[in-house]
Amino acid sequence: MPFSFFQRGNLSDHARQFSLTSYEPSLMLEGLVPGIDNLRHDVFLSPKFSTVTRQHIFKVVAKHGSVEDLAAETPNHNPQARFRPQPVTANRYDPGEFKRLFTEIHVASLNRAKLENNVSLDLLFRLAVLKFQRAELLGQYSLILERCRARVKTYESAPQTALNRSMHVRERVARFQIDKKNILRRAGQDLFHTFRDAEKETLGRTRRSLLGDAAALAYDLFLNRLLFTEDGRDYHLNAEHYVLLGNYDRDSDRFETMQELAARLFKLLELASGPEDPLVEGLLNVAENAQEMMGGGSPDEGTTRGKAQKAVLSAWVELLEESGVMESVVAAYEVAPLLPHYSPPINPHQLKNALISREEQKRVEALLEEHGKISPDALHAAIRKVAGTRPAERARFAGRFFADFTRYHRDLRRMEAVVEALDTVNVLATEKFRELSAVNNTLYEFLLPQEQKTVEEKVLNHVVIKADIREST
């Protein structure tokens with residue numbers, strides 16, 4: 001909702017130049033019946049789509065873990081050792097089929113929502129697909145790890161001549177376990193890119209032609225790369241696409257600390273009364289507000305609006321300097337190019353702190369020495385850049401940081417809204433529950449066009465008619 005500014009004061013006068021909006025992410029499903037547990041909506045996804053999705057996730061996880069050869073199914077491997085969906089064999093894998101079926105089933109869901117005049121049907125479908133994919137990321141990782149361990153055992157029972165090979169395989173499996181979070185992040189981002197591309201190429205246009213702008217804000221919730229992370233606070237992902245924040249209580253640039261500083265800025269502008277004011281959340285959920293307020297860190301001072309942006313930017317820089325956060329802000333951007341060189345083995349947050357702390361720098365240099373004598377030259381160059389940052393550059397970093405932080409704040413809150421909605425969806429995995437829900441008329445099936453059967457008339461109610469036919473002709 002647009003804000004009106006009638007406050008007094010220097011900064012509040014500047015704030016009148018801006019047109020800011022507030023936004024609270026939410027996702028509600030309407031007109032749907034609960035499932036067999038009377039709490040969640042029962043969804044059954046296309047068997048073919050589910051199989052190809054498992055297969056695709058299996059492949060991308062194995063690829064990013066560099067264990068594709070070890071994960072290949074062996075003849076003596078028993079896939080029925082425990083109940084878990086299995087990917088199809090490698091020689092039947094078509095990389096393009098997943099995207100094709102992904103788009104096809106989404107279009108089928110949109111057509112159904114149009115036919116039944118209920119956009120919540122398509123939102124329910126998207127939630128079910130997302131929940132299924134998030135679960136399969138973990139499930140397929142576990143399956144690959146199980147196969148890798150089985151492969152290690154086969155080498156252990158091999159002749160002594162295969163000892164070196166056995167040690168090499170054991171080391172690869174160990175790296176696969178240690179790097180679990182990074183592997184799942186990269187695999188999840190592959191899934192996000194597929195969805196984003198399908199949305200851009202086909203789904204967005206199809207949705208607008210069928211449903212118009214209905215629930216447009218709800219659909220925006222799904223264009224969020226954080227949905228494929230565990231908690232939305234992944235160091236590498238944040239450094240690459242948002243900004244690298246601290247996660248420990250001792251860190252001066254934690255998410256909660258930066259939110260509090262933003263609230264103090266809004267209070268100076270007389271837009272909010274303090275950190276507890278709900279307007280703070282709403283303002284931070286609109287990424288466009290950052291550009292409106294600070295001009296991206298480089299406002300045009302030749303205009304009235306630019307002068308107002310410059311004043312607000314200066315106030316923001318002052319808050320960061322007074323709170324001892326400015327150095328961390330600069331380091332957050334200088335550390336991003338270092339991550340491909342040093343992380344792993346160095347934790348990204350530790351690497352960032354090494355740019356501003358002499359003590360942490362020594363620790364990182366020692367770790368680099370331990371891990372194969374990795375050259376610290378790039379690290380030293382980044383340290384010099386952080387130390388030599390001039391006031392104008394610090395202001396640009398501060399403005400950029402505010403913009404990146406609002407984007408991250410928005411996407412984190414969007415993720416939380418979607419994750420909450422996922423709890424209302426029950427993706428059925430067995431034929432028994434599918435039949436039970438179907439009998440109760442509480443099942444929502446989303447199938448590919450070729451899997452859909454001719455709709456049969458269902459008996460919803462029945463009436464028993466009694467007639468006395470005695471003495472009748």
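**Exercise 1. A charged pair in a helix**

By about how many helical turns are Glu104 and Arg100 separated in helix H4?

Solution. Begin with the source of the coordinates: this is a predicted model. Next, look at the sequence positions. Glu104 and Arg100 are 4 residues apart in helix H4, so about one helical turn separates them. Then look at the side chains. Those of Glu104 and Arg100 meet in a salt bridge, with 3.4 Å from N to O. The cut-off for a salt bridge is 4 Å between such atoms. As a general point, side chains of opposite charge can pair when their charged atoms come close. The structure holds 31 salt bridges.

**Exercise 2. The largest cavity**

State the volume of the largest cavity, and find which residues and helices line it.

Solution. Empty space is found by rolling a probe the size of a water molecule over the atoms. The structure holds 4 cavities of 30 Å³ or more. The volume of the largest cavity is about 110 Å³.

Step one is to list the lining: Phe102, His106, Arg126, Val129, Leu130, Gln133, Phe192, Phe195, Phe222, Leu227 and Phe228.

Two or more lining residues come from each of helix H4 (95-115), helix H5 (119-156) and helix H7 (180-211). H5 gives the most, with 4 residues.

Step three is to sort the lining by class. The largest cavity is lined by 8 nonpolar, 2 polar and 1 charged residues.

**Exercise 3. The second largest cavity**

Give the volume of the second largest cavity and sort its lining by class.

Solution. The second largest cavity has about 60 Å³ of space. Its lining is made by Arg233, Tyr235, Asn238, Leu244, Leu245, Gly246, Asn247, Phe255 and Tyr408. Sorted by class, this lining has 5 nonpolar, 3 polar and 1 charged residues. In this sorting, Tyr counts as nonpolar and Gly as polar.

**Exercise 4. Around Lys267**

Which residues does Lys267 touch, not counting those up to four places away in sequence?

Solution. Locate the residue first: Lys267 lies in helix H10 (residues 255-268). With residues up to four places away in sequence left out, Lys267 touches Ala272, Ser273 and Gly274. Then compare separation in sequence with separation in space. Lys267 and Val280 are 13 residues apart in sequence, and their C-alpha atoms are 9.2 Å apart.

**Exercise 5. Backbone exceptions**

Which peptide bonds next to Pro344 are cis, and where does Pro344 lie?

Solution. As a rule, most residues other than glycine have a negative phi, and most peptide bonds are trans. The bond from Ser343 to Pro344 is cis, with omega near -5°. The bond from Pro344 to Pro345 is also cis, with omega near 15°. Pro344 is in the loop between helix H15 (339-342) and helix H16 (348-354), and Pro345 is in the loop between H15 and H16 as well.

Continue with phi. Ser66 is not a glycine, yet has a positive phi of about 55°. Ser66 sits in the loop between helix H2 (47-64) and helix H3 (68-71). Glu270, also a residue other than glycine, has a positive phi near 60°. The place of Glu270 is the loop between H10 and helix H11 (278-284).

Terms used
Residues numbered from 1 in each chain as written. Predicted model: local features only at pLDDT ≥ 70, side-chain atom pairs only at ≥ 80, totals over all residues. Heavy atoms only, no water. 1 Å grid on protein atoms, 1.4 Å probe; cavity = no way out; pocket = protein on both sides within 12 Å on 5 of 7 lines; lining within 4 Å. Points joined across faces, edges and corners; volume = space filled by probe spheres on them. Salt bridge = Lys/Arg side-chain N within 4 Å of Asp/Glu carboxyl O. Contact = heavy atoms within 4.5 Å.
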